[in-house]
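Hello,

Here is the structure we talked about. My notes follow below it.

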Amino acid sequence: IRSIARVAEKIVPTMCGVYVLSCLAILLMNAGLIPDAISSILSGAFSDDALYGGFIGVLVTGFKRAAFSNEAGVGSAAIAHAAAKTNEPVEQGLVAMLGTMIDTLIVCTMTGLVIVLTGVLESGVSGASLTSMAFGAVLPGGEWVVTIGVVVFATTTMMGWAFYGERCVVYLFGTKGIMPFRVLWVLAIPVGAGADL
């Protein structure tokens, strides 16, 4: 966990900072359009079509995105926070809540605004490709911010989930299960990367 933390504590905040600064640059370049973008997002979220036609689908998608984005409600992040060495457990709880707040309220809101402001929403593209298209539409080389960010966050996420899995294997099978788990984990990476979602 210490080696994972050492890598993540340097890479993740740096990449998050670059991403947020890029979002801010795009938002500042289109500052006059922000009220219309917020209005568009709210009217789309509470329209009759969204309310009746797609409510369940949107709700399910929202829960999936939230779990993917910050593990809120999944329970896995508690494994990492429990491994932290601290004299004040309350501080660690505040750190856990702060991470979810930064991710959901700041980063995801900024990303949504960038996508709406750049006009790429109707392109038919979704996910990281849509975000990459939005950044590239305004910032020269902006698509690389998203591409590099996805690679960095995917790598640190794999390391984190490897730790979670290893802790669970130790709980279920003892320390003798660590090496077989690590081998299976490494073999699963190319399968997961190449499998059709």
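Cys23 is buried, at 0% relative accessibility. Buried means under 20% relative accessible area, exposed means over 50%, and partly exposed lies in between (1.4 Å probe, protein chains only). This is a predicted model: local features need pLDDT of at least 70, side-chain atom pairs count only at pLDDT 80 or more, and totals for chains, interfaces and linings use all residues. Residues are numbered from 1 along each chain as its sequence is written, and side-chain values use heavy atoms, with hydrogens and water left out.

What does Cys23 touch, not counting residues up to four places away in sequence? Met110, Thr111, Val114 and Phe135. Contact here means heavy atoms within 4.5 Å.

Cys23 is in no disulfide. The nearest cysteine sulfur belongs to Cys16, 9.3 Å away. The disulfide count is zero, with the rule being a pair of cysteine sulfur atoms within 2.5 Å. Cys168, for its part, is partly exposed, at 38% relative accessible area.

Now the core. The largest nonpolar core holds 21 residues. Such a core is a set of buried Ala, Val, Leu, Ile, Met, Phe, Trp, Tyr and Cys residues joined through side-chain atoms within 4.5 Å. Tyr19, Cys23, Leu27, Val114 and Phe135 have the most contacts inside it. Helices α1 (2-29), α6 (89-118), α7 (127-138) and α8 (142-173) each give two or more residues. Helices are DSSP runs (H or I, at least four residues), numbered from the N terminus.

Last, Thr118. This residue lies in helix α6 and is buried, at 18%. The Thr118 side chain reaches the backbone oxygen of Val114 at 2.9 Å. Beyond neighbours within four places in sequence, Thr118 contacts Ile26, Ala134, Ala137 and Val138.

Best wishes

Note on methods: A polar contact is a pair of N or O atoms within 3.5 Å; within protein, one must be able to donate a hydrogen and the other to accept it, and residues adjacent in sequence count only if both atoms are side-chain atoms.
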